[in-house]
Amino acid sequence: MPGTPRPAAPATPPARPDAMTVPTPAVPDAARDNRGAQDTTPVPETRAASASDAARALLVPVAEASAPAPTPETPGTVLPGRPEAARPRVRAAGPVEETGEPCPACGTANHQHRNFCRSCATPLTPRRQDHSSGPYAGQRPALHRNRKRWIARALIAMAVVGLVVGGIFGGPPAARAVQDHFAKRVAVHPTEWKASHSDPKHGAELAGDSYSNTWWGTGYAGDAEGTYLEATFGQPTDLLALLITPGTSKRTGQQSEQARPQEFDLIVTDTSGKQHLSHRSINDGGVQQINVRVRDAASVRLILRSAFGAAKDKQVAIAELEFFARSKNNN
């Protein structure tokens, strides 16, 4: 078709360098005729080899495709490893510079707060025996004890030993005092009561009837000094103590209705007729104990000397008088 351009002819691909044709030089006829007579040893193609080497130098090497990586195999059963503690790093000790008094053994200077030499471990100062300083390394701390408790126990033990020794070496009276101190006590009841004077409605026997709302009265106004109340036992009694309830009752509101004994004398007569006299005084109000400790007592007489709340319209009263003796089972 006119006007339509023809397709371009395909370009001839360039020849490979290693297949390049080298022109053969012209050989004269004479020489060609004499070829058979000449040496047939091939002439090395020096030029062709040089061109081939130059072409190879221009080529860019292409890395060969790497082989596929091998598929990892599945590991079998593996036992757990034993954990190991990290090993401490040992660092070299640098030089230590300390100032202070030298060690008495090796002469090394030590800080003032050190107790032992840093070089030879010699004690530098004696340990202070106070509460602020603790025990040294490797030394067992001292036990803290309650000193008051041990002192009290020691005093009690000394008192008991003193009583026993006094009872052994002090003779029969001291031995009886020790026995009476630890003896079991029982109540004893007098078989007879009498008084130097009594109120007609409040006789002497009412002081020993075991009722605290009944009482013995002197029948005299005032402190009734010299008036006595006496109890007699039916058999010899190792008397240890007595309890006295002053006033007309144990109750606080009723006991002050009459006067109450304050000071009095106690005369305990034993079976041999010997009298044991003691002067006693009590407080105003409440049941009070009086220790006696007389062996083989036959009677007890209480002689009034003074009284609490004495008045012209009041008499001295004693609600109850109780006696306690040494139990016969202790003999």
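At 12% relative accessibility, Asp 265 counts as buried; buried means under 20% relative accessible area, exposed over 50% and partly exposed in between, with a 1.4 Å probe and protein chains only. The model is predicted, so local features need pLDDT of at least 70 and side-chain atom pairs count only at pLDDT 80 or more, while totals for chains, interfaces and linings use all residues. Residues are numbered from 1 along each chain as its sequence is written, and side-chain values use heavy atoms, with hydrogens and water left out.

The whole structure holds four salt bridges, each a side-chain nitrogen of Lys or Arg within 4 Å of a carboxyl oxygen of Asp or Glu. Three of them are tabulated.

| Pair | N to O distance |
|---|---|
| Asp 265 and Arg 305 | 2.8 Å |
| Arg 301 and Glu 230 | 2.5 Å |
| Asp 284 and Arg 260 | 3.0 Å |

Arg 305 is partly exposed at 30% relative accessibility. Within it, Glu 230 is buried at 9%, whereas Arg 301 is partly exposed at 26%.

Of the 19 residues of strand S4 (residues 228–246), 14 are buried, so the strand is largely enclosed by the rest of the structure. Strands (E, at least two residues) and helices (H or I, at least four) are DSSP runs numbered from the N terminus, and two strands pair if DSSP finds at least two bridges between them. S4 pairs antiparallel with S7 (residues 288–308) over 11 bridges, and Glu 230 has Arg 301 as its bridge partner there. Seven bridges join S4 to the antiparallel strand S8 (residues 315–326).
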